[in-house]
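The tour below moves from charged pairs to aromatic rings, one selection at a time.

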Amino acid sequence: KLIVATHHNGLFISSADGFAPLHDKGKDIASIYSYDGKTFYCGLWDGNILIYNYSNNTSREIKAGFDKSPVFAFNRISDNSIIAGSFGEGAVVLNTKTLEVDSSIGKLLPGFQINAIEKDTKNNVWFATETGVVRYNIGTGKIETFKSLSKKENGMPYDENVSDITTDKKGNIWAATRFGLCWYNTKKNKFELITNLKELSGKW
């Protein structure tokens, strides 16, 4: 089954005849995430999070600490924790058992506009933001920002927008920008713009 979230009409589920209404609380949904296919975390445009339980078709809305910024991104970082990222007020860590924000960590990247979140195998969380890629180490709390991933071909100033970020099965980090795909070079500790598509075959 495939579950999709809509802006004004709640959740829909795939069926033999297309998509059928599944759950609608009249909320404007900005994003949807699930790591087990049972519990679905829906980021709302008002900054709250709607948590939908597929098993019993119930939901609960919680406040994540975002005043007015939509929640665009989620990612699981441990057995009992996920990170929720907003577009304008940074990110918070949510305990999936208590459904409470982890106050011991506080708000991460306050003021950042977050588009996507990815966790690697080295305990790092990578954020794709409107102002570059940010790496956050869960163990040490260290935060590092990578900017100027790409630029316009005509020599215009660098554009910092990163729309998405992901890892492949070998652990490589990939970032999507307005001007192309970038790859994180671990030896140089920087992102490099892929200029030849042949580089994507064979050696990755």
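Five salt bridges are counted here, a salt bridge being a side-chain nitrogen of Lys or Arg within 4 Å of a carboxyl oxygen of Asp or Glu. This is a predicted model, in which local features need pLDDT of at least 70 and side-chain atom pairs count only at pLDDT 80 or more, while totals for chains, interfaces and linings use all residues. Residues are numbered from 1 along each chain as its sequence is written, and side-chain values use heavy atoms, with hydrogens and water left out.

Select Glu 89 and Lys 107, whose side chains meet in a salt bridge at 4.0 Å, N to O. Glu 89 sits in the loop between β9 (81-86) and β10 (91-95), and Lys 107 in the loop between β11 (100-101) and β12 (114-119), so that the pair links parts of the chain 18 residues apart (strands are DSSP runs of E, at least two residues, numbered from the N terminus). Glu 89 is buried at 12% relative accessible area, whereas Lys 107 is partly exposed at 34% (buried means under 20%, exposed over 50%, partly exposed in between, with a 1.4 Å probe and protein chains only).

Next, select Glu 192 and Lys 188, a salt bridge of 3.3 Å, N to O.

Finally, turn to Tyr 33 and Phe 74, one of 13 aromatic pairs, which is stacked at 6.1 Å centre to centre with 15° between the planes (ring centres of Phe, Tyr or Trp, the last by its six-membered ring, pair within 6.5 Å; planes under 30 degrees apart are stacked, over 60 edge-to-face, the rest tilted). Because Tyr 33 lies in strand β4 (residues 29-33) and Phe 74 in strand β8 (residues 71-78), the pair ties together parts 41 residues apart in sequence.

Methods. Helix = DSSP H or I, 4+ residues; strand = E, 2+ residues; numbered from the N terminus.
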